[in-house]
Amino acid sequence: MGAASSTPVLFKYLNLGALNGRGGVVRFFMLVHDIAFTEELYSLGEEWTQKKQQLIASGENPSGTVPVLEHKGVTLTQHIALMRYLAREHGLTSGSAYGDYVQDLVADEYQGFRDAWVGAAFGGDEEATKKFKEVIVPSRLQLFDDLYAKFKQHDVYLSVSRSSCGRTGGRPLWGDTALYGMIQDLILSKMMTQEQLAAYSHLRALYKAYGAQPAVAQRVASKE
């Protein structure tokens with residue numbers, strides 16, 4: 001559960017164990033920004049199959065995907081859009097159009113990488129997994145390292161939150177969160193090693209700094 005907040009969020013997602021997936025990225029964002037939430041997790045297999053059908057049949061989420069958030073009487077879907085919503089709802093933007101733009105830039109670029117990881121990690125195609133590890137991962141990490149070199153507005157992060165709503169500013173936002181979760185899943189799924197990050201100085205700094213956020217470090221340690 002996240003820290004205290006006036007209107008807690010109900011977070012619905014898959015129980016992926018140590019892996020994060022798309023929903024885990026949203027969880028990291030809520031943890032970093034002290035957004036209170038409770039979890040409703042579904043096991044892969046029959047439970048998730050039934051829940052997916054229920055999401056579609058009930059109209060709760062016609063696409064039949066998770067994560068799903070319930071907040072203030074509305075149902076919200078799509079993990080990058082969810083973080084953008086939470087950022088605006090809680091005053092957790094950078095405070096500038098350009099600062100938010102660089103977060104959007106990386107978050108939008110990341111989504112294809114996330115989709116490719118899902119296919120490689122769960123698709124069961126050994127050749128596709130081999131290509132992902134040996135070709136796609138290094139090329140995408142280099143791209144993101146170059147994007148950070150060009151666009152980041154902070155020593156480590158793309159941009160950071162301003163102080164608002166009683167919260168201290170200087171915290172990472174949605175693009176940084178998406179990429180941190182992606183890198184961690186690459187390592188956990190053995191698509192790369194943490195040592196390989198040494199070749200990408202900006203991503204290595206991001207991974208170290210984000211992972212040192214107290215709530216994130218606690219979450220990661222609890223899954224080891």
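In this predicted model, helix H1 (residues 21-32) and helix H3 (residues 79-89) pack at an angle of about 15°, with their axes 9 Å apart; axes are lines fitted to C-alpha atoms, for helices over the stretch in contact, and angles run from 0 to 180 degrees between N-to-C directions. H1 is therefore roughly parallel to H3, a term for angles under 35 degrees. Helices (H or I, at least four residues) and strands (E, at least two) are DSSP runs, numbered from the N terminus.

**The helix contact**
- Arg22, Val25, Val26, Phe29 and Met30 of H1 meet His79, Leu82, Met83, Leu86 and Ala87 of H3, where contact means heavy atoms within 4.5 Å.

**The sheet**
- Four strands form an open sheet with mixed pairing, in the order E2-E1-E3-E4, and two strands pair if DSSP finds at least two bridges between them.
- The edge strands, each pairing on one side only, are E2 (37-42) and E4 (74-77).
- Strand E1 (residues 9-14) runs parallel to E2 and is joined to it by six bridges; Leu10 has Thr38 in E2 as its bridge partner.
- H1 packs on this sheet, touching E1, E2 and strand E3 (68-71), and its direction makes about 150° with that of E1.

**How to read the values**
- Residues are numbered from 1 along each chain as its sequence is written, and side-chain values use heavy atoms, with hydrogens and water left out.
- Local features need pLDDT of at least 70 and side-chain atom pairs count only at pLDDT 80 or more, whereas totals for chains, interfaces and linings use all residues.

Key
Angles under 35 degrees count as roughly parallel, over 145 as roughly antiparallel, 65 to 115 as roughly perpendicular and the rest as oblique.
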